[in-house]
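Welcome to this short tour. Open your viewer, keep the selection tool at hand, and follow the stops below.

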Amino acid sequence: KCAAADSDAAARPSAGALRDAADARDRATRDAADLRRRLDECEGDLKGLRIHKEDAAKARDEAERKLREHDARVLRAEKSINDLEAAADARVAAAEQKIRELEAENAAQIGDRVAAAIRGERLKIEREFRDELAAARAQVKAAERLADEERDKRRKLHNRVMELQGNIRVMCRARPPRAGAPSALFPREGCVKIRQPEYCDDADFEFDAVFDPTSSQIEVFDSVRDLVTSALDGYSVCIFAYGQTGSGKTYTMEGPADKRGVNVRAIARVLEAASMRSDGVSYEPLEISMLEIYNEQVRDLLRPPGAAAERLEVATATGESVVKGLTKQSVFTADEIEKLIAAGARHRAAGAHALNKDSSRSHSIVTLYIRGTTAAGDALSSKLHLVDLAGSERLDKTGATGDRLTEAKAINKSLSALGDVLTALASQRRGHVPYRNSKLTYLLQDSLSGDSKALMFVNVSTDADDVPETLCSLRFAARAHDVALGQAKKNVAPAPR
Ligand SMILES: Nc1ncnc2c1ncn2[C@@H]1O[C@H](COP(=O)(O)OP(=O)(O)OP(=O)(O)O)[C@@H](O)[C@H]1O
Ligand SMILES: [Mg+2]
């Protein structure tokens, strides 16, 4: 009996243990209430941010609409100037013809009165013409001023929207099929659907934009036009093309001579926008560099003709990725850009394999360096990186052996390092980001680390044979789409006071 009572006592919790349990329960209830309150606050913040983003996007749309109206007004005014000039020319020509006729008739017969009348008529025509022309010019000036203001507003709003969204933009471009019916469908804007005959379900992917095989180089460039000009406001911008070999990365970035791609158009656009800036920023001449990463070695693509392809080192000691000894060239005109980039592209490592006879066997990075001083005297510096990655590929499909196999392994290794960096950036705990695992990520470190804007084109083939690779690329891109780089920051250093 006694033993049973002892065991009862042991089984019953002591008063102290009960108190502890009650305290723990109270603490947990308090913590839960606290957490709920913080959750409510976060939801409130999120709601505010969403509304803010929607407002900014609405305002941008409105600014764009106004800009279109102003552009149309400028066009109309220019046309009316042309019409006026043509009419005035015709009137002056008619008057001169009349003079000539009268003179020919008989110079002696023309009395002073007739000559004076002709002179008067001529002066009148000229005066009217000048007045009309001046009024039309003033109209054009006013319309241009308004358009400039709207452009400025739109630029600022675009930057604001990008800051609020703050992550990597991802756009998909599908190339036309080489043979047979395309394996991709484009059911609505921003969506690509891949048909998988061996499964019941098709796979849908949503991106910031999707370009079907009929899209032109201009349409594709238009989607990055605002992004590239934001480099002039001090944001570093990185645009890269990712995808299976033969999927159209080089076509998108470089493009054939008669259908130039993003590289030349983007740099020409920045050059043009820098010359049109009306808010007092003065830019130093823009400089370009061009390099390739081949088998994990960095090589200068703008080296003088005939010079050996030396292996260059990358340093990141200053927080900025710098390639020591890399050639930089100033550019002033669109023509110079075109020639320079074409010359660099000729230096690039290429090779034929079973899937693409002009396959790029290296990653190429064209960089535009922008430096300037704001009206307030602040120093502004940013970079625009345009990256054409070498193709991701399945080694068995390309039939690679020997050197080609070494290249393919280096390419795949660096692309998976890029994937790891994006995954690390996407993960909630922003601990270690493995930038050092490849030259590519090491070099792009300062453009993939939070204070920059990044855009990835995922290029895909629409051939039925390529469906597994297409799905692989789209899944990689969908992961990149989730990366939150945080808010982009301007690289503007205050002037020494
Ligand atoms: N959108 C397109 N419209 C028409 N032709 C295209 C398009 N995209 C690619 N091509 C053509 O397909 C071929 C392969 O394209 P490209 O060389 O750009 O592929 P890539 O992705 O750079 O391949 P790699 O990774 O092997 O370098 C080229 O002949 C190119 O002209
Ligand atoms: Mg290529």
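Start by selecting Glu219, which touches Phe211 and Thr214 when residues up to four places away in sequence are not counted; contact here means heavy atoms within 4.5 Å. Before you move on, note that this is a predicted model, in which local features need pLDDT of at least 70, side-chain atom pairs count only at pLDDT 80 or more, and totals for chains, interfaces and linings use all residues. Residues are numbered from 1 along each chain as its sequence is written, chains are lettered from A and ligands numbered from 1 in the order in which they are written, and side-chain values use heavy atoms, with hydrogens and water left out.

Glu219 lies in helix H4. Helices (H or I, at least four residues) and strands (E, at least two) are DSSP runs, numbered from the N terminus.

Now select Asp212, in the loop between strand E5 (209–211) and helix H4 (217–222). Asp212 is also partly exposed, at a relative accessible area of 27%. Show side chains here, and you will find a polar contact of 2.5 Å between those of Asp212 and Thr214. A polar contact is a pair of N or O atoms within 3.5 Å; within protein, one must be able to donate a hydrogen and the other to accept it, and residues adjacent in sequence count only if both atoms are side-chain atoms. Leaving out residues up to four places away in sequence, Asp212 touches Ala174 and Phe186. Phe186 is 26 residues from Asp212 along the chain, with 6.9 Å between their C-alpha atoms.

**An open sheet**

Next, display the strands E2, E3 and E4, which form an open sheet in that order with antiparallel pairing; two strands pair if DSSP finds at least two bridges between them. Strand E2 (184–185) and strand E4 (203–206) stand at the edges with a single partner strand each, so one side of each has no neighbour in the sheet. Strand E3 (residues 191–194) is joined to E4 by four bridges. Pick Val192 and look across to E4: Phe205 stands opposite.

**Stacked rings**

How many aromatic pairs does the structure hold? There are two. Rings of Phe, Tyr and Trp (its six-membered ring) pair if their centres lie within 6.5 Å; planes under 30 degrees apart count as stacked, over 60 as edge-to-face and the rest as tilted.

Then select Tyr242 and Phe476, stacked at 4.0 Å centre to centre and 5° between the planes. Tyr242 belongs to strand E6 (residues 236–243) and Phe476 to helix H12 (residues 467–481), so this pair ties together parts 234 residues apart in sequence. Tyr242 and Phe476 are buried too.

**Charges over rings**

Select Lys328 with Tyr369: the charged end of Lys328 sits over the ring of Tyr369, 4.1 Å from its centre. For this, NZ of Lys or CZ of Arg must be within 6 Å of the ring centre and within 35 degrees of the ring normal. Lys453 lies over the face of Tyr235, at 4.1 Å from the ring centre.

**A hairpin**

Strand E8 (residues 286–294) and strand E9 (residues 297–300) pair in the antiparallel sense over four bridges. Tyr294 stands opposite Gln297 in E9. Two residues lie between the strands of this hairpin, where Asn295 takes a positive phi near 45°.

**The magnesium ion**

Finish at ligand 2. Which protein donors does the magnesium ion have? They are Thr250 (OG1) and Ser360 (OG), lying 2.0 Å from the ion. Donors are N, O and S atoms within 2.8 Å of the metal (3.2 Å for Na, K and Ca); water is not among the atoms, so sites may look incomplete. Thr250 is in helix H6 (residues 249–253) and Ser360 in strand E14 (residues 356–360), so the two link distant parts of the chain, 110 residues apart. Thr250 counts as partly exposed at 25% relative accessibility, whereas Ser360 is buried at 11% relative accessible area.

Note on methods
Buried < 20%, exposed > 50% of the residue type's maximum accessible area, 1.4 Å probe, protein only.
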